[in-house]
Amino acid sequence: MTLHLQEKTLNSTKKYWVSKLITMKKIIYAVRLFAFAVLVTACGGKKESSNAEEYVANESKLEAPASVDVIAQGEALVKSSDCKTCHHSVNKIIGPSHTDVAKKYEFTASNVKMLADKIIKGGVGVWGEVPMNAHPDLSQADAEKMARYVLSLDGEKEH
Ligand code: HEC
């Protein structure tokens, strides 16, 4: 009798677990379906937003590179010219450090022109008694690129 009862309980526990298992399987299936649906929508959405990002990136590429390019060109010009004999980007040597020059002047078109003139013609008296030699072989355009590079060194943007 006890054995029979035991078998019965065992049986019903088995049934209970089997039905549990089936429900679990159903749940897993539903979760999978749901996950798949989420994945599909998420992927769709992601594609759209990355397109939008690309679009924005392209937009900003249209204007930013011009100035970044000019500054990079100015840097190359400064590095290939005699400037580094007297100027270091952060330390004063014979002339003021170019970062100090950048801090002294606002990054405006008129200061770019003024410094380009000074680079070409040379000069003295702003930073001390030591004169800067003239650079008559430099074109106005190249001197302005150099001035733009110098003025960008304190992180300021042209305005
Ligand atoms: C023989 C040394 C020497 C060389 C080479 C030289 N400089 Fe200078 N530079 C100076 C000195 C000295 C001053 C400070 C002049 C002054 O006090 O007016 C100066 C000042 C400057 C200034 C600031 C001007 C101002 O009015 O505040 C800039 C910008 C500059 N130099 C850029 C350049 C660039 C770019 C080159 C390379 C093409 C260059 N320098 C080459 C010595 C030099």
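Which residues in α5 are buried? They are Ala143, Glu144, Lys145, Met146, Ala147, Arg148, Tyr149, Val150, Leu151 and Ser152. Here, buried means that 20 or more other C-beta atoms, placed from the backbone, lie within 10 Å of a residue's own.

## Before you start

This is a predicted model, where local features need pLDDT of at least 70, side-chain atom pairs count only at pLDDT 80 or more, and totals for chains, interfaces and linings use all residues. Residues are numbered from 1 along each chain as its sequence is written.

## A closer look at α5

Helices are DSSP runs of H or I with at least four residues, numbered from the N terminus. Because 10 of the 13 residues of α5 are buried, the rest of the structure largely encloses it.

## The nonpolar core

A nonpolar core is a set of buried Ala, Val, Leu, Ile, Met, Phe, Trp, Tyr and Cys residues joined through C-beta atoms within 7 Å. The largest one has 14 residues, and Leu115, Ala116, Ile119, Met146, Ala147 and Val150 touch the most other members. Two or more residues each come from α1 (2-80), α3 (98-104), α4 and α5, with α5 giving the most, 6 residues.

Leaving aside residues up to four places away in sequence, Leu115 touches Ala147 and Val150; contact means C-beta atoms, placed from the backbone, within 7 Å.

## Around the ligand

The ligand is surrounded by 28 residues, the closest being Cys83, Cys86, Gly95, Trp127 and Met132. To be near, a residue needs its C-beta atom, placed from the backbone, within 6 Å of the molecule. At least two shell residues each come from α2 (83-86), α4 (109-121) and α5 (140-152).

Notes:
A residue is buried if 20 or more other C-beta atoms lie within 10 Å of its own, exposed if 12 or fewer, and partly exposed in between; C-beta atoms are placed from the backbone. Two residues are in contact if their C-beta atoms, placed from the backbone, lie within 7 Å.
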